[in-house]
Amino acid sequence: MVSLNGNVFFSDNVEDFPTFIKSAYKFLKTDYSKFFKMDNLSKLAFLAADALLKKENLNEKENNIALIFSNKASSLDTDRKHQASIENDAEYFPSPAVFVYTLPNICLGEISIKHRLYSENSFFIFDRFNAEHLQLYANSLLRNGKAEKVLCGWVDFDENSYDAFLYLVEKEGKIEHKTEEITRLYNIL
Amino acid sequence: MSELKEELKAKIIEQLNLEDIVVADIADDDALFGDGLGLDSIDALELIVMLDKDYGIRLSDPKEGRKIFESVQVMADYIQEHRTK
């Protein structure tokens, strides 16, 4: 299921992630050939960000939107694939295309390239969704003029369990950026 | 040789995750990089691994790849001559 501002705009009953994300990609009409070369975490983060940023009328040359993402599983899903390709000496053929995704923050690069974000970005690993950290870091960036807007959230993928929750915050927004509100929004989805 | 070229096209599509492209879309002489299939530097590294894994060909100099990966035809000629498996 994919929702924007509380409204579900895409759902599919398929259970496996590759089928789901491909259907969502086609539904969103996200025309980006490199998408199919990404690992699962990057596909999830990229499409979630695309659904949200599409509505923002972004500048074609440069956008000052910082990224603060977080999750629990880091890049474990891809790390396991890489490990499987190197654990047998007789069949030692690591894939360069897999290896480049063995860091969670690579997904931030994919988003930045697509939307021309020349801004700060960070990826944090926590045991649980951490609204306090997102709130403090995003507010600091906005207060210090490091970014005009901040795309924050949680993008987690491990085996076939996944979830993505992103929101865009700016100085003069409609909803107050406080931890209780962030947690409430995360929990209702 | 024709069988090898078809095999290479299928492997390229599958291993490089080329979406919405089928074997029939790739002509023997189509450029694989640049304006052709639009492959990138990571794809080139994947092709080097594929040569090693599937055909027992090790490229000591990655620059050799530029010539060998010019098209499916050039790749097939090279594999035919140098394969060890």
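User: By DSSP, two strands pair if at least two bridges are found between them. With that in mind, which strand does E4 (residues 121-125) of chain A pair with?

Analyst: Strand E3 of chain A, in the parallel sense, over 5 bridges. Strands here are DSSP runs of E with at least two residues, helices are runs of H or I with at least four, and both are numbered from the N terminus. Note that this is a predicted model, where local features need pLDDT of at least 70, side-chain atom pairs count only at pLDDT 80 or more, and totals for chains, interfaces and linings use all residues. Residues are numbered from 1 along each chain as its sequence is written, while chains are lettered from A and ligands numbered from 1 in the order in which they are written.

User: What is the bridge partner of A:Ile68 in E4(A)?

Analyst: A:Ser122. E3(A) also pairs with strand E5 (residues 149-158) of chain A, again parallel, over 6 bridges. There, A:Ala66 has A:Val150 as its bridge partner.

User: Is E3 of chain A buried or exposed?

Analyst: Buried: 7 of the 7 residues in 65-71 are, so the strand is largely enclosed by the rest of the structure. Buried means 20 or more other C-beta atoms within 10 Å of the residue's own, exposed means 12 or fewer, and partly exposed is in between, with C-beta atoms placed from the backbone.

User: Which residues of E3(A) point which way?

Analyst: A:Ile65, A:Leu67, A:Phe69 and A:Asn71 point one way, and A:Ala66, A:Ile68 and A:Ser70 point the other.

User: Backbone next. Where is A:Lys29?

Analyst: In the chain A loop between helix H1 (17-27) and helix H2 (40-53). Its phi is positive, about 55°, although A:Lys29 is not a glycine. A:Lys29 is exposed, because 8 other C-beta atoms lie within 10 Å.

User: And what is phi of B:Asn17?

Analyst: Near 50°, also positive in a residue other than glycine. B:Asn17 lies in the loop between helix H1 (2-15) and helix H2 (41-55) of chain B. B:Asn17 has 16 other C-beta atoms within 10 Å, so it is partly exposed.

User: How many residues of chain A are in contact with chain B?

Analyst: 7 residues of chain A, with 8 residues of chain B; contact means C-beta atoms, placed from the backbone, within 7 Å.

User: Last one: how many helices and strands are in chain A?

Analyst: 7 helices and 6 strands. The C-alpha trace of chain A spans about 60 × 35 × 35 Å along its principal axes, and 30% of its 189 residues count as buried.

Terms used
Two residues are in contact if their C-beta atoms, placed from the backbone, lie within 7 Å.
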